[in-house]
Amino acid sequence: MKLVARPWFDASAVANDLAPIATEPSPMLPGDWRSLRPVVERGKCVKCAVCWLYCPVQCVVEKARWFDFDLATCKGCGICAQECPQRAIVMVEEAA
Ligand code: SF4
Ligand code: SF4
């Protein structure tokens, strides 16, 4: 069987508006659509920083005596509450 060289893929032939939604940056932040928010019981927090380590969007903020959250960027996934060894974080429903 004779081998035949195939031409390289020509990206210039692909239209650049195939996924217009994906290419439009959205100004919406997670705080605009989140259904649950984390709340720290400050008396239980020992500042171990486990929540800071596990938060996938890095919105955990260090305060003088506890850790808190930047609620504009928190997406309410609940990982911090799940991982907190002190059970100091509770997820509460967002008010409508
Ligand atoms: S994981 Fe829990 S105890 Fe540790 S810093 Fe975060 S809220 Fe505090
Ligand atoms: S709920 Fe999720 S996004 Fe929000 S602070 Fe906890 S881990 Fe981060």
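Q: What makes the place of alanine 49 a loop, and where is it?
A: Alanine 49 lies in the loop between strand S1 (36-40) and helix H2 (50-54). Helices (H or I, at least four residues) and strands (E, at least two) are DSSP runs, numbered from the N terminus. As for the ground rules, this is a predicted model, in which local features need pLDDT of at least 70, side-chain atom pairs count only at pLDDT 80 or more, and totals for chains, interfaces and linings use all residues. Residues are numbered from 1 along each chain as its sequence is written, chains are lettered from A and ligands numbered from 1 in the order in which they are written, and side-chain values use heavy atoms, leaving out hydrogens and water.

Q: Why is glutamine 58 called exposed?
A: Its relative accessible area is 72%, and exposed means over 50%, buried under 20% and partly exposed in between (1.4 Å probe, protein chains only). So glutamine 58 counts as exposed. This residue is in the loop between H2 and strand S2 (60-62), and its phi, near 55°, is positive too.

Q: Why does aspartate 70 count as partly exposed?
A: Aspartate 70 has 34% relative accessibility, so it counts as partly exposed. Its place is the loop between S3 and H3.

Q: How do you know which residues aspartate 70 touches?
A: Contact means heavy atoms within 4.5 Å. Not counting residues up to four places away in sequence, aspartate 70 touches Cys59 and Val61. The C-alpha atoms of aspartate 70 and valine 60 are separated by 6.3 Å, although these residues are 10 apart along the chain.

Q: What makes a residue part of the shell around ligand 1, and which classes does the shell have?
A: A residue is near a molecule if one of its heavy atoms lies within 4 Å of it. Among those surrounding ligand 1 are Cys45, Cys48, Phe67 and Cys84. The shell has 10 nonpolar, 1 polar and 1 charged residues. Here Ala, Val, Leu, Ile, Met, Phe, Trp, Tyr, Cys and Pro count as nonpolar, Asp, Glu, Lys and Arg as charged, and the others, Gly among them, as polar.

Q: Which residues come nearest to ligand 2?
A: Of the 13 residues around ligand 2, these are Cys55, Cys74, Cys77, Gly78 and Cys80.
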